[in-house]
Amino acid sequence: MIRVGINGFGTIGRRVADAVKKQNDMELAGVTKTRPDYKSMVAERKGIPMYAVDMKSLETFRATGANVKGTLNDLLQRVDVIVDAAPEGTGPLNKPIYQQASVRVIYQGGAGDNLAEALFVAQCNFEEAVGKHSVQVASCNTTGLCRTIDAIDKSVGVTKARAVLARRATDPDDVKKGPIDAVVLDPATLPSHHGPDVKAVLKNLNIVTMAFKVPTTHMHLHSLILGLKKQATNENIVSVLERAPRIQLVDGKSGFKSTAAIMDLAREMGRPRNDIYEATVWRDSVSVVDGEAYLFMAVHQESIVVPENIDAIRAVYGGYSREESMKLTDASLGIEHRQN
Ligand code: NAD
């Protein structure tokens, strides 16, 4: 059993915790929180051992009589792998704590730059992470771009990728952030961080990305244009994507006119928290014009990296091939498994 701890119990941490509990080869040793609230109450009801992030936070837990096992340092003694799901930018603060405890670490996309030995998207570079001490799961948008571009590159070849990303402003439970009535350039200059991040995974790719934030909380929307090495039809590209791992196709003519319909599908399918682990491509948007493939893709920011975290845990622990790990992860999360 791989003993896993999770530092940070927010949007990503809570989802990865539930996913770890579903793995037959993993044990959830515990999670951390800064203070007791309804999220820690839910964790207790689920039987998840709770740890405070530090001594001050431990006192806060104890003052309310909440059930807490110790601090992050205590949790680190009980794990083989820690998943860092703490807020954006806190990776550099946490890294020395993990190093001192000699545990393997999985960081998230926004944790910070140059923290880990590899940037990870399971279907693209699982092998690069095998046996490493630290790996960073790519951000949600980078994960979606890598899955789609890699699948098309492996079949017809991609000469260059250009992507314009409309990003959700923030997550549904985050009431403090905007915008509520503006479109915000993110940033005004090119490229957005996604292009260089994709290149850290798909190393030889010529890619430029630009991004802006829109006042929504559910899903990002990408307009993607790929130069193709070989001649291909719309049907060729659709067929590649239909066979690619962790990508689902939807049709505008079937009622998928917006990201809201995709979230509705997840609800109707009974997915936990309406999560959509797959990058979602509009089949009827796929159009090859003058040797370039155009498509629309949606990314559910809260959940697309959950399967990646589970595969990254197995990669750093060692003893699994890419196919073995992805198959186990897909089966546990209800993702249709397609071989890479
Ligand atoms: P979040 O704010 O929802 O959750 C972070 C949690 O960590 C909170 O519960 C917070 O109380 C807790 N925390 C605060 N200080 C801490 C500390 N010092 N140590 C441990 N925990 C602490 O954040 P999130 O959205 O889950 O993001 C976590 C990471 O995942 C970031 O790097 C982010 O960029 C990345 N990520 C987020 C999304 C997304 O859409 N939310 C998608 C992909 C990747």
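This is a predicted model: local features need pLDDT of at least 70, side-chain atom pairs count only at pLDDT 80 or more; totals for chains, interfaces and linings use all residues.
Of the 16 residues of α7, 13 are buried, so the helix is largely enclosed by the rest of the structure. Here buried means under 20% relative accessible area. Just after α7, the backbone at glycine 157 adopts a positive phi of about 90°.

An open sheet is built from 7 strands in the order β3-β2-β1-β4-β5-β7-β6, with parallel pairing. Its edge strands are β3 (50-52) and β6 (119-120), each of which pairs on one side only. The pairing of β6 is with strand β7 (residues 134-137), in the parallel sense and over 2 bridges. Within this pair, phenylalanine 120 is located opposite valine 137 of β7.

A further set of pairings involves strand β10 (residues 207-214). Strand β8 (residues 158-168) runs parallel to β10 and is joined to it by 8 bridges. Across this pairing, leucine 165 faces alanine 211 of β10 as its opposite residue. Strand β9 (residues 184-185) also pairs with β10, but in the antiparallel sense and over 2 bridges. In that case valine 184 is opposite lysine 213 of β10.

Strand β15 (residues 292-299) has antiparallel pairings with several strands. With strand β11 (residues 220-228), the pairing extends over 8 bridges, and phenylalanine 296 of β15 is the bridge partner of serine 223. Strand β13 (residues 279-282) is paired with β15 over 2 bridges, again antiparallel; valine 281 is opposite methionine 297 of β15. Strand β14 (residues 287-289) runs antiparallel to β15 and is joined to it by 3 bridges. Here valine 289 stands across from glutamate 292 of β15. The strands β14 and β15 form a hairpin with 2 residues between them. One turn residue, aspartate 290, has a positive phi of about 50°.

The ligand is surrounded by 19 residues, and the closest are Thr11, Ile12, Arg168, Asp171 and Gln301. By class, this shell comprises 8 nonpolar, 8 polar and 3 charged residues. A polar backbone atom of isoleucine 12 is 2.9 Å from an oxygen atom of the ligand. For arginine 168, a polar side-chain atom lies 2.9 Å from a ligand oxygen atom. A polar backbone atom of glutamine 301 is 3.4 Å from an oxygen atom of the ligand. On its own, the ligand has 830 Å² of accessible area, of which the protein covers 79%.

Methods: Residues are numbered from 1 along each chain as its sequence is written. Side-chain values use heavy atoms; hydrogens and water are left out. Two strands pair if DSSP finds at least two bridges between them. Helices (H or I, at least four residues) and strands (E, at least two) are DSSP runs, numbered from the N terminus. A residue is near a molecule or strand if one of its heavy atoms lies within 4 Å of it. A polar contact is a pair of N or O atoms within 3.5 Å; within protein, one must be able to donate a hydrogen and the other to accept it, and residues adjacent in sequence count only if both atoms are side-chain atoms. Accessible areas come from the Shrake-Rupley method with a 1.4 Å probe; for residues, only the protein chains shown count as cover. Ala, Val, Leu, Ile, Met, Phe, Trp, Tyr, Cys and Pro count as nonpolar, Asp, Glu, Lys and Arg as charged, and the others, Gly among them, as polar. Buried means under 20% relative accessible area, exposed over 50%, partly exposed in between (1.4 Å probe, protein chains only).
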